[in-house]
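I want to go through how the two partners meet and then check a few spots inside.

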Amino acid sequence: MKRFALLAVLLFGALLVYGTTDFPDWGDPSSPAATHVSPHYIRHSLEETAVPNIVTAVLADYRGYDTMFETSVIFTAGLACFFLLRVFARKAPDSRLYRHRATGITLRIEQGGRLPEGAREFERIDSQWVPYDLIIRTACRLVLPFIQLFALYVVAHGHHSPGGGFQGGVIFGAAVILYAISHDLRSTLQMLPERRTVLMSAGGVLIYAGTGLICLLLGAQFLDYAALAGILGVDPIMARSHGIFIVEIGVAIAVMAVMVSLYYNLASVGRFDEGL
Amino acid sequence: MSAHFPALIVVSPLMAAMVVAILAWVRPGACLPLAVVTLAGSLWAAAGMLWRVVVSGPFAYHLGNWPPPIGIAYQIDHLNALVLTAMAAVALVNLLATWRHARRDFAERVNYFYALYLLFCAGTYGIIVTGDAFNLFVLLEITSISGYALVGMGKRDAALASLNYIFMGTIGASFYLLGVGYLYLVTGTLNMADLAMILPRLYGNKVVTAAFIIAMTGLFMKMALFPLHGWLPNAYSESSSPVRSLIAPLTTKTMVYVMVRVALYVFPVDFSFGHLAFAQPAVWLAVTSIVAASLMALSQTSLKRMLAYVLIAEVGYMVGGFWLGNRMGMTGAILHIVNDAAMTLCAFLAVGSLRQQLADDSFKALRGAFRRMPWTMAVLVVAGLSMIGVPPTCGFFSKWYLIGGALAAGQWAFVGALIFSSLINAVLFFRIFEIGFFEPFAASDHGHPPDLAYAEAPATVIAPMLVTAAGLVVLGLLTGRIVTRIIDAAIPAAIL
């Protein structure tokens with residue numbers, strides 16, 4: 001069996017090498033990829049979509065339909081992870097441990113009892129509990145607003161510079177995950193509950209597909225942002241630019257929420273423990 | 001509205017999936033009705049497009065109003081309208097027949113199951129209608145990821161089966177993507193119609209040859225043709241029954257459709273069948289696939305595993321019939337995509353019902369099944385007869401075309417493989433019928449009277465199954481019209 005696998009690998013390697021012999025030269029300006037469709041994008045994307053960044057124009061407008069499905073792929077991955085890992089029938093632990101923050105004295109409460117809500121001077125100790133670490137917490141706290149601001153910048157500035165919904169969404173999601181790592185899952189869940197991550201990931205994709213659907217309902221083709229001109233109060237070219245921005249926001253929300261949801265499910269093996 | 005059917009048929013299940021994921025938190029009871037209504041709407045749209053194609057010919061839909069090749073276009077023609085209608089019908093009937101099982105198998109997760117189900121359907125429909133080689137890959141990802149998740153949420157070894165499926169499926173999809181990348185390298189376009197215009201100038205190009213072989217190998221892997229079938233039996237037998245009867249009819253058949261689409265409408269016909277010496281090896285591969293899978297089916301001891309191997313043999317039918325390269329064989333292959341989807345659904349629905357009621361589908365558990373579950377077993381009989389190829393079920397007619405094509409092409413090995421496989425199927429199914437009908441023998445049970453209480457599934461499960469079984473006969477009787485009105489127009493005139 002191993003020999004057969006080796007043979008298959010060698011055969012395919014040979015085929016790939018055989019194929020490369022007829023490749024166009026590296027960086028050849030007269031290669032088919034550089035002369036057939038791309039010149040149209042390079043020459044006309046600004047006048048057709050009012051977006052200076054050609055990559056953004058191709059990604060979110062000319063081939064915006066692909067991008068809608070790429071966002072859906074991310075949503076599907078998040079949903080798949082949730083579907084497989086989420087533990088619905090949780091078993092309540094017999095006893096819980098609570099640590100008094102000021103003194104470090106630990107209480108054990110038996111028979112499924114728990115402290116009243118809002119007992120701030122106690123913290124629960126379980127598998128998700130992270131010992132207090134002043135330096136890490138403070139450093140992350142300080143850096144988080146800047147990361148989030150940068151994420152918003154990356155989303156908003158995708159029209160002009162490298163960036164856009166996917167990149168900005170990932171950065172924003174990473175900021176939330178950083179908070180979860182430096183603090184703990186429980187306090188993160190209080191800020192961004194699981195329910196909200198699922199709603200946001202679905203809602204983000206719905207913003208994208210919904211924009212396309214509105215174009216369709218206005219009588220144009222699906223995702224033809226020019227149809228939004230009437231609603232947005234701009235000319236059809238500018239409407240394309242705005243349409244791209246709207247769907248980029250949808251992408252950013254979906255990607256951010258899916259990242260966080262993946263982290264929640266993977267970090268707690270789907271149990272989410274207390275706090276829900 | 002009907003002008004937008006090509007976009008709506010893909011976008012509506014997609015958006016419905018998102019809405020279901022939200023409703024699962026807000027109003028759980030609304031998820032199932034929404035899923036059913038959406039799938040019914042998709043079937044309506046698919047049938048509408050089939051009608052339009054038959055009446056007034058193929059048409060295109062430009063997404064974002066960008067003309068191809070700079071934008072993405074959907075191209076609806078006889079070939080994909082037919083396959084799409086079949087797949088939309090399968091998806092709807094399966095949900096109607098198995099939502100009770102799903103509720104039992106998935107419990108609190110069932111609403112997310114509906115969301116993944118809709119995503120899977122959106123991907124499948126998109127793969128079928130798209131006219132863009134890269135868009136096809138993106139949709140393939142959606143179908144695959146939701147498929148992995150659905151398979152993974154099964155019984156005992158489902159996670160391992162799903163992991164295997166992920167490895168094989170990802171490699172297959174990557175191969176297809178690599179092929180598309182190679183084609184982009186030498187043509188600069190991703191649109192299928194545009195590719196078909198440019199490629200005739202590039203026949204001697206080694207990149208095109210490599211792209212063809214790589215993409216086809218990837219597709220063979222995704223459709224589980226014999227040496228690349230390793231993922232299928234476990235993935236199908238370990239998954240839970242609503243999932244099995246969804247992905248078994250849809251996945252492999254959709255991939256066979258993609259192979260037909262790529263070999264006829266992306267690569268020019270004279271390239272696929274004339275320039276490359278690919279057809280003859282492909283037929284031999286199909287012959288091996290049919291014989292090997294039939295023999296392996298013979299050695300299985302549970303119904304669902306046996307059917308999984310029968311399914312691999314059926315893939316061999318379609319691949320072999322297509323690569324015969326003549327009109328009759330190709331007609332048989334395309335007809336078999338539709339027929340096989342219907343009979344796979346029929347057989348797996350019956351198995352799902354048996355499994356739910358008897359809690360087991362090993363051959364032993366089937367003893368006395370005809371008395372305990374007469375309707376389910378009747379449906380299984382129809383599916384079995386169709387897989388064997390007994391008229392007037394549809395399986396007979398596609399096999400007729402396939403054998404006719406093989407005779408015309410002088411491919412005696414393929415004729416032999418088809419007949420051999422039909423005989424094996426006869427043995428397989430009549431063995432089951434015998435166990436279900438005649439056993440348990442009175443003397444063999446050590447004096448304990450066997451439990452033969454009536455245990456038929458509820459009417460909501462039986463009714464869609466009976467519709468499917470009737471569909472097999474109706475499809476068979478409509479064969480003439482399907483072939484003359486639709487399939488004849490789907491095959492390029494260059495093929496005689």
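Below are my entries, interface first and single residues after.

**Ground rules.** I'm working on a predicted model, where local features need pLDDT of at least 70 and side-chain atom pairs count only at pLDDT 80 or more, while totals for chains, interfaces and linings use all residues. Residues are numbered from 1 along each chain as its sequence is written, chains are lettered from A and ligands numbered from 1 in the order written, and side-chain values use heavy atoms, with hydrogens and water left out.

**Interface, overall.** I looked up the contact (heavy atoms within 4.5 Å) and found 58 residues from chain A and 67 residues from chain B. The two chains bury about 5,600 Å² between them, 75% of it on carbon and sulfur atoms. That area is the accessible area (1.4 Å probe) lost on putting the two parts together, summed over both.

R63(A) and D132(B) make a salt bridge through their side chains, at 2.7 Å from N to O.

**Helix 5 of chain A.** This helix gives the most to the side of chain A that touches chain B, with 15 residues. Helices here are DSSP runs (H or I, at least four residues), numbered from the N terminus. I checked the length too: at 1.5 Å a residue its 22 residues should span 32 Å, and its end C-alpha atoms are 32 Å apart, so the two agree. The expected span is 1.5 Å times one less than the number of residues. I count 17 of the 22 residues as buried, meaning under 20% relative accessible area (1.4 Å probe, protein chains only).

**S241(A).** I found S241(A) in helix 11 (residues 236–267) of chain A. S241(A) is buried at a relative accessible area of 5%. Beyond its neighbours within four places in sequence, S241(A) contacts T49(A), A50(A), V51(A) and H159(A).

**A88(B).** A88(B) belongs to helix 3 (residues 78–106) of chain B, and its relative accessible area is 0%, so it is buried. Not counting residues up to four places away, A88(B) touches S42(B), L43(B), A46(B) and Y125(B).

Definitions and conventions:
Salt bridge = Lys/Arg side-chain N within 4 Å of Asp/Glu carboxyl O. Helix = DSSP H or I, 4+ residues; strand = E, 2+ residues; numbered from the N terminus. Buried < 20%, exposed > 50% of the residue type's maximum accessible area, 1.4 Å probe, protein only.
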